[in-house]
Amino acid sequence: MTEQRIGTDEWVEQHEARLATQSELRELVYGFGEQLPLWGRLGLLLLIGLFVPVLTSNPFHIRIAATIALMATLGVGLNVVVGYAGLLDLGFVAFYGIGAYAYAYLSSDFTGVHLPTLLTIPLITVLGAVVGFLLGLPSLRLVGDYLAIVTLAFGQIFVQLMTSLTRVDLSWVPFLTTDGPVNLTRGPNGIIELDSISIFGFVADTLTENYIIRLVVLILVLLFVHHLNNSRLGRAWRAMREDELAAEAMGMPTRLLKLQAFAIGAAIAALAGTLFAAEQKAVFPANFDVTLLITLYGVVVLGGLGSLPGVLLGAVIMIAVPEILRDIELASLLFYVGSVVALIGLIKPRRLVGLLLLNVAIIGLLVQVIAESIWPDSLAELPSVASVFPEFSVSIRFVTAIIDSLPEIVTSIVRNWLAIPVGNQELIGNIALAILIVLILIASRIKQTTQLLITLVPTMYLLALVWEIRLSGQESVTRLIFVGVVLIVLMIYRPHGLLGTQRIEIV
Amino acid sequence: MSAQLELKHINKNFGGLRVINDLSFVAQPGQITSLIGPNGAGKTTLLNLISGIYQPDDGDILFDGVSIVGLEPHEITQRGIARTFQTLRLFLNMSIIENVMSASFSRAQMNLIDIVFRTPRFRREEQRLRNEAEEKLGFFGSRLVGYRFDQPAYSLSYANRRRLEIARAMMTNPKILLLDEPAAGMNPNETLEVTALIGQLRDEAGYTIILIEHDMSVVGGISDHVIVLDHGEKIAEGDFEDVVTDERVVEAYLGRKSS
Ligand SMILES: Nc1ncnc2c1ncn2[C@@H]1O[C@H](COP(=O)(O)OP(=O)(O)O)[C@@H](O)[C@H]1O
Ligand SMILES: [Mg+2]
């Protein structure tokens, strides 16, 4: 054994090799990131963020960017609770709601209170921390599932209260004269006409202005959490996640540490809530339902628990992908590009991917020729591939340019390689889907490369067929299926998330 | 000489199973007090009681004359009793230096403001703790230093993991070190070395040590005082030579040699 390898047994070596192959993406991002100091990384993020409104004035795009910034902020907060402290907090969205409603109460005609923004936002952030601390006090004695249940209930109760506190009898409150029951929340109608954020006379009225505020807050929150994580606090959180008992035995007050994480997460959520309310200029109970919770967990888990760049990536994917999928042409493009990327990951050596695609194209054309000679007039136009080419939105004009410059023959091959039968497409699609599933199952068992390639040719063909006749027409279904599939596939290949570190459990 | 640690009539049951039975003993400062006994005698349970992970059913535990029963484990550690685990409990996915530094949590002189704004005090304190952690790791020769600092703990061999656990316990600045079978799983060479090291911990670092060990060569070499447990009871106590020749001890060991 050489000096260099002291204490590295066979298992560790194998493991390191495994890690090396699995963390290419992480290395790519971190390798680049580590060459930049922290302020450089955050500055870069700011620059990229500020570039969005320069690049596009389409309100739809800016709306997406603003949502990403907000979800990323929330994700960073949730990451402190779930990623760093390892607490399954399912009531996180309630703190977001508390922040939003608190903003509504402090900045609207509903209460008649109009505090200056620079006072409101810090105040509400502290309020979030206090409420988080108070809720954590009893519930952090609970572990695992119980904590999840209690916090989930808290989240639901919050929405319920905001919906139903419309006729509250306040006559018992001393020094308060009310005539009859008081409407505290306006129920599902929400509280509306909130003040905009206003800082030193600058009033953020437009979406773009709000987006920039969110971007700046995101960067400040990232800086804050990064500093926390690189201190004794972060070390203790990580230690606690690794082994709570050992952390406690090494002098770390684990219950207090959890409480702190919980409160910090709640404060960040409340802060994000104010930004949300100020931009929407209204708050409704429905803004804080379980869907948002699922999205947020998607953001944190997809990017990799405990990784801040992961949260950013997760937010971009979770928000942008479903938006892109609204557009059937973009969805198709994503589908085909995604399939090819998946193949590239699956097939080694990678040059065989080209061979495979060539074969798929040839098979497609053969089927087309045969089908046309046997049943002329029974083939439909390709619904989505055909329409991919004419017009694209401005943002991906270069793709269209490339396709336009291709020779006619290539374009026609692409348009015609898939034989779509007319008739009961749903039935045909379902049959194709069933065969496809069987083929995928078979393919997943095959180890030998040649056999795998042979199986994958019809699989790819069927995949395209199923997409074209069964999925691409149904927008909402497609989006859901797509997001679900992306998440499932990711969790299979990278259970630790895109940018997370794989954790080791050995005794 | 007043006792550093004193256990008075400790009892502990697990659902009717009596694991510690009216146990009393005293550990003197600056000495190595060894706890020996067959498997299942209750030695680890005793350490868990001292370090606050379990509460005794009755009896009292005095540290420098003050009762520590009912305190939380981290409070006991902060007062100066640190431990290692028989079944290693390292923070495997953290780096070696972080494993050690994490144990200085309660000693770090910094508040939230220092952390968030990276004040000079924060930098000074981080540097001080890092230096201290490197010093503790340096106690084990060159094995855990240099390029090793930033390697994850899981990359260490078994023997090095045991060493890292000791370094981590030292980082809490304890007066008493509780070592639960520190030589378990080591080869004879490593065992010799760890024995010498425990002696050094007493002589150079000045810790009071309570040592649980199966290997009689370790116990015989360095113990100042030996206590023999069987079925949660103290069956003998004294110098190593006196104890190993005691009739009841021989019987306890030979009777259940298989363990
Ligand atoms: N948490 C527990 N619950 C129930 N029984 C336990 C627990 N911890 C230890 N025991 C029992 O106490 C006895 C003593 O265990 P232990 O202290 O680990 O022995 P030793 O360290 O001397 O080998 C064993 O019979 C063990 O099964
Ligand atoms: Mg034991």
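Helices, here DSSP runs of H or I with at least four residues, are numbered from the N terminus. In the structure examined, which is a predicted model, B:Glu165 is placed in helix α6 of chain B, a helix that spans residues 158–170. The relative accessibility of B:Glu165 is 2%, and because buried means under 20% relative accessible area, this residue counts as buried. Its surroundings, leaving aside residues up to four places away in sequence, consist of B:Thr84, B:Phe85, B:Leu88, B:Arg89 and B:Leu90, each of which B:Glu165 touches.

The phi angle of B:Asp22 is near 45°, a positive value in a residue other than glycine, and B:Asp22 is located in strand β2, which covers residues 17–27 of chain B. With a relative accessible area of 43%, B:Asp22 is partly exposed. A positive phi, of about 55°, is likewise found at B:Asn173, although this residue is not a glycine. B:Asn173, however, is situated in the loop between α6 and β7 (176–180) of chain B, and its relative accessible area of 39% makes B:Asn173 partly exposed.

Turning to chain A, the secondary structure comprises 21 helices and 8 strands. Of the 507 residues in chain A, 46% count as buried. Among the contacts in chain A with a separation of 6 or more, 75% are accounted for by residues 24 or more positions apart.

A:Leu147, in helix α7 (residues 144–164) of chain A, is a buried residue, as its relative accessibility is 3%. Its C-alpha atom is 7.8 Å from that of A:Leu87, although A:Leu147 and A:Leu87 are 60 residues apart in sequence. A:Leu87 is also one of the residues that A:Leu147 touches, the others being A:Leu88, A:Ser139, A:Leu140 and A:Leu142 when residues up to four places away in sequence are not counted.

The packing of helices in chain A was considered next. Two packed helices are described by the angle between their axes and the distance between the axes. For helix α5 (residues 92–106) and helix α11 (residues 254–280) of chain A, the axes come within 6 Å and cross at roughly 45°, so that α5(A) and α11(A) are oblique to each other. The crossing of α5(A) and α11(A) is right-handed. From α5(A), the contact involves A:Phe92, A:Phe95, A:Tyr96, A:Gly99, A:Ala100 and A:Tyr103, while α11(A) contributes residues including A:Phe262, A:Gly265, A:Ala266, A:Ala269, A:Gly273 and A:Phe276. Classified by residue type, the contact of α5(A) with α11(A) holds 13 nonpolar and 4 polar residues, and no charged residues.

Helix α11(A) also packs against helix α9 (residues 232–242) of chain A, with the axes 10 Å apart and at an angle of about 110°. The helices α9(A) and α11(A) are therefore roughly perpendicular to each other, and their crossing is left-handed. On the α9(A) side the contact is made by A:Leu233, A:Ala236, A:Trp237 and A:Met240, and on the α11(A) side by A:Thr254, A:Leu257, A:Lys258, A:Gln260, A:Ala261 and A:Ile264. By class, the contact of α9(A) with α11(A) has 7 nonpolar residues, 2 polar residues and 1 charged residue.

Conventions
Residues numbered from 1 in each chain as written. Chains lettered and ligands numbered in written order. Predicted model: local features only at pLDDT ≥ 70, side-chain atom pairs only at ≥ 80, totals over all residues. Heavy atoms only, no water. Axes fitted to C-alpha atoms, helices over the stretch in contact; angles between N-to-C directions. Helix = DSSP H or I, 4+ residues; strand = E, 2+ residues; numbered from the N terminus. Parallel < 35°, antiparallel > 145°, perpendicular 65-115°, else oblique. Left-handed = near helix turned anticlockwise from the far one by under 90°. Contact = heavy atoms within 4.5 Å. Nonpolar A, V, L, I, M, F, W, Y, C, P; charged D, E, K, R; others polar. Buried < 20%, exposed > 50% of the residue type's maximum accessible area, 1.4 Å probe, protein only.
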